[in-house]
Amino acid sequence: MRILLDEEQLQAGVERLATEIDRFYGSDRPVTVIAVMTGSLVLFADLIRRLSMPQRVGVIQASSYRGGTESGQLDVSSDMMIDVADREVLLVDDIFDTGKTLDRLTGLIKEKGAKSVKTAVLLHKHRQHEVSLRPDFVAFEIPDEFVVGYGLDYLDMYRNLPYLAVLEPAEIEATEHKSKQ
Ligand code: 5GP
Ligand code: MG
Ligand code: MG
């Protein structure tokens, strides 16, 4: 594995992200903060504890990578989602890649009557995006490589790593075997 961002760098990035978000909302404005599961799990826990505004917290499930490292069909499950009508909403995701996930979710939350929708991501991939939406708050810009760790997975593994890394080709193969156990 090639480490791209270590634990200390990640924590510093989350701190910067929280400062930016705090500056935007202030400390009195209530915000409904929603985690895009499952990739934002680790970031979300670290981020919300650093934000000072009153928060309602919820989750939404979206999966696009369908097991592999190539972007595929996007599945969204919002049945159990926290109520967003007339609320100020902040969507938190792990990474902005093609942008399709956050574009779709932003639209969905607006349709449900949110007063405002902003997006925060840990990572912004340097590549051609497929939508006109851009994330409002970004901690790190990264090159166009498939990364794992700090919530991001390959075949649902590696989410628990405290750092962010790029998998070597041999590790990709080994993961296919390990993930079946
Ligand atoms: P988008 O819809 O912006 O193309 O992709 C967003 C989702 O794809 C992310 O929430 C994440 O789950 C997944 N994804 C995109 N790039 C990567 C990557 O480099 N590594 C991992 N593990 N997941 C990624
Ligand atoms: Mg995701
Ligand atoms: Mg994934």
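Reply: A nonpolar core is a set of buried Ala, Val, Leu, Ile, Met, Phe, Trp, Tyr and Cys residues joined through C-beta atoms within 7 Å; a residue is buried if 20 or more other C-beta atoms lie within 10 Å of its own, with C-beta atoms placed from the backbone. This is a predicted model, in which local features need pLDDT of at least 70 and side-chain atom pairs count only at pLDDT 80 or more, while totals for chains, interfaces and linings use all residues. Residues are numbered from 1 along each chain as its sequence is written, and chains are lettered from A and ligands numbered from 1 in the order in which they are written.

The shell around ligand 1 comprises 19 residues (C-beta atom within 6 Å of the ligand), of which Gly39, Asp97, Thr98, Thr101 and Leu152 come nearest. By class, 8 are nonpolar, 6 polar and 5 charged, Gly being counted as polar and Asp, Glu, Lys and Arg as charged.

Strand 5 (88-96), helix 3 (100-111) and strand 8 (147-148) each supply at least two shell residues; helices (H or I, at least four residues) and strands (E, at least two) are DSSP runs. Strand 5 gives the most, with 4 residues.

The largest nonpolar core has 46 residues, and Val89, Leu90, Leu91 and Val92 are among those with the most contacts inside it. Leaving aside residues up to four places away in sequence, Leu90 touches Ile21, Val31, Val33, Lys118 and Ala120 (C-beta atoms within 7 Å).

Strand 8 pairs with strand 9 (residues 164-166) over 2 bridges, and Val148 stands opposite Ala165.

How values were computed. A residue is buried if 20 or more other C-beta atoms lie within 10 Å of its own, exposed if 12 or fewer, and partly exposed in between; C-beta atoms are placed from the backbone. Two residues are in contact if their C-beta atoms, placed from the backbone, lie within 7 Å. Two strands pair if DSSP finds at least two bridges between them.
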